[in-house]
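I opened my notebook to write down what I looked up in this model. The entries follow in the order I made them.

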Amino acid sequence: MNTQLTQSARPATRRRIVALDVIRGFALCGILLVNLPPMLQLGAVDAHGAPLAFYRFYEDFVQNRFFPIFSFLFGIGFGLMWLTASERSPRPRLALLRRFLFLAVIGLLHQFLQPGEALLPYALVGIVVLLPSTWIPVRLLAPIASVIGSVLLIVGILTGGGLALIPGLFLLGFAISWSGFLHSVLRHPGRLALVGAGAVVISVIGFAVTDYVTRQVNQWINAGLGIAMALTYIVVVLMLLRTPAEAVLRRALSPLGRMALSNYFGATILIIAVRTFLPDLSRFDSQGGYAAGLVVCLGILVLQVVVSSLWLRRFGQGPLEKLWRNVTWGSERSSRQPQEFTRMTSS
């Protein structure tokens, strides 16, 4: 089972990292939950002006909890890609610039469907932060990126989180994948137990000493709790992958993670379709439509798992992921790359 979850430390092997696919798929589920209320225009309060129970749960356990995971994974994916970029292109930085520009175009198109989405900011931060960081001397890259990333993450938390967290999380993910620490943790996830325990303690204390209103008014508290809870979620998933639950998680979440870009864009289209045919979900339950929204979310995820599994059996890579790869490396050069590696870093 362990060999399915990790990649050899030798770059020549380039086997896919299934654990990252699973965590990415898990984060995609959370991102769908995050996007559901604003896109379906679900309310936040009941007739008396009190926050709905579902909305409070959503704010405390979903909002700003999965976005950091996705951002961190993006930085990890970039780091893994940069490890062999010079082997895949004679001008690797230009190739990665094309990659970010393509993502910016996709993000711009997505903005028309879902204003405020994250792909466009991801592309811009990638160009402004990640690409320049590749000029850091090799021996100093991991420590310098870690220090700068930590400082930027703290600044992002203190300014209220949200998009301000992206630069720090990108750099920390880049540093972790570049340093080799990622492979060490995936082979021995027990080493994260202390980190996970610390994240749980921070989360518990944060909820114990604040109330719902305080957390929402002071966004830096919510942002800090979001990072702690995101780390907790990652550690829990990694630990579950060392149990019999691994088979179920891998079958359900890995296809979502391998086609993250296609599924992220596709989920928006499906939500818009639901909104068109069911414009008022609040009439279906007493929680402002949140219960009905969860059913919609579950239906979308089941559909995407089935479609992704069938698609990957036939094509090996999602449609947007395939186009993204070809734009990055060129179709001829891309086709010569080990497919396992390109799938592993495709989102």
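**Entry: a surface patch**

I began with the surface of this predicted model. Val-105, Leu-108, Leu-109 and Phe-112 form a nonpolar patch there. Together they have about 440 Å² of accessible area. I picked out Leu-109, which sits in helix α6, residues 92-113. Is Leu-109 buried, partly exposed or exposed? Its relative accessibility is 47%, so I noted Leu-109 as partly exposed.

**Entry: salt bridges**

Next I looked for charged pairs. Side chains of opposite charge can pair when their charged atoms come close. How many salt bridges does the whole structure hold? My search found three.

I took Arg-24 and Asp-21 to start. Their closest N and O atoms are 3.1 Å apart. Both residues lie in helix α2, and because they are three residues apart, about one helical turn separates them. Arg-24 has a relative accessible area of 2%, so it is buried. Asp-21 is at 0%, so I wrote down buried for Asp-21 too.

Then I checked Asp-60 and Arg-215. Their side chains meet in a salt bridge at 3.0 Å, N to O.

Glu-246 is buried because its relative accessibility is 5%. Arg-250 has a relative accessible area of 29%, so Arg-250 is partly exposed.

**Entry: another arginine**

I also looked up Arg-325, in helix α17, residues 319-329. Its relative accessible area is 6%, so it is buried. How far apart are the C-alpha atoms of Arg-325 and Arg-99? I found 7.7 Å, although the two residues are 226 apart along the chain.

**Entry: positive phi**

Most residues other than glycine have a negative phi. I noted two residues with a positive value. Gln-41 has a phi near 55°. Gln-41 lies in the loop between α2 and α3. It is exposed because its relative accessible area is 64%. Asn-64 has a phi near 65°. Its place is the loop between α3 and α4.

**Entry: pockets**

I finished with empty space. Rolling a probe the size of a water molecule over the atoms shows where it is left.

The largest pocket has a volume of about 570 Å³. It has 27 lining residues. Phe-72, Ile-176, Val-195, Leu-231 and Ile-234 lie nearest its centre. Which helix gives the largest share of this lining? I found α13, with seven residues. By class, the lining has 25 nonpolar, two polar and no charged residues.

The second largest pocket has a volume of about 370 Å³. Its lining has 18 residues, and Val-34, Asn-35, Phe-67, Gly-116 and Ala-118 lie nearest the centre. The elements giving two or more residues to it are α2, α4 and α7, residues 119-133. Of these, α2 gives the most, with four. I sorted this lining into 11 nonpolar, six polar and one charged.

Methods:
Residues are numbered from 1 along each chain as its sequence is written. This is a predicted model: local features need pLDDT of at least 70, side-chain atom pairs count only at pLDDT 80 or more; totals for chains, interfaces and linings use all residues. Side-chain values use heavy atoms; hydrogens and water are left out. On a 1 Å grid over the protein atoms alone, a cavity is a set of points where a 1.4 Å probe fits but cannot get out, and a pocket is an open set with protein on both sides within 12 Å along at least five of seven lines; lining residues have an atom within 4 Å of a point. Grid points are joined across faces, edges and corners, and a volume is the space filled by probe spheres set on the points. Ala, Val, Leu, Ile, Met, Phe, Trp, Tyr, Cys and Pro count as nonpolar, Asp, Glu, Lys and Arg as charged, and the others, Gly among them, as polar. Patches are made of residues with over 30% relative accessible area and no salt bridge: like charges are joined within 9 Å, nonpolar side chains (Val, Leu, Ile, Met, Phe, Trp, Tyr) within 5 Å. Accessible areas come from the Shrake-Rupley method with a 1.4 Å probe; for residues, only the protein chains shown count as cover. A salt bridge is a side-chain nitrogen of Lys or Arg within 4 Å of a carboxyl oxygen of Asp or Glu. Buried means under 20% relative accessible area, exposed over 50%, partly exposed in between (1.4 Å probe, protein chains only).
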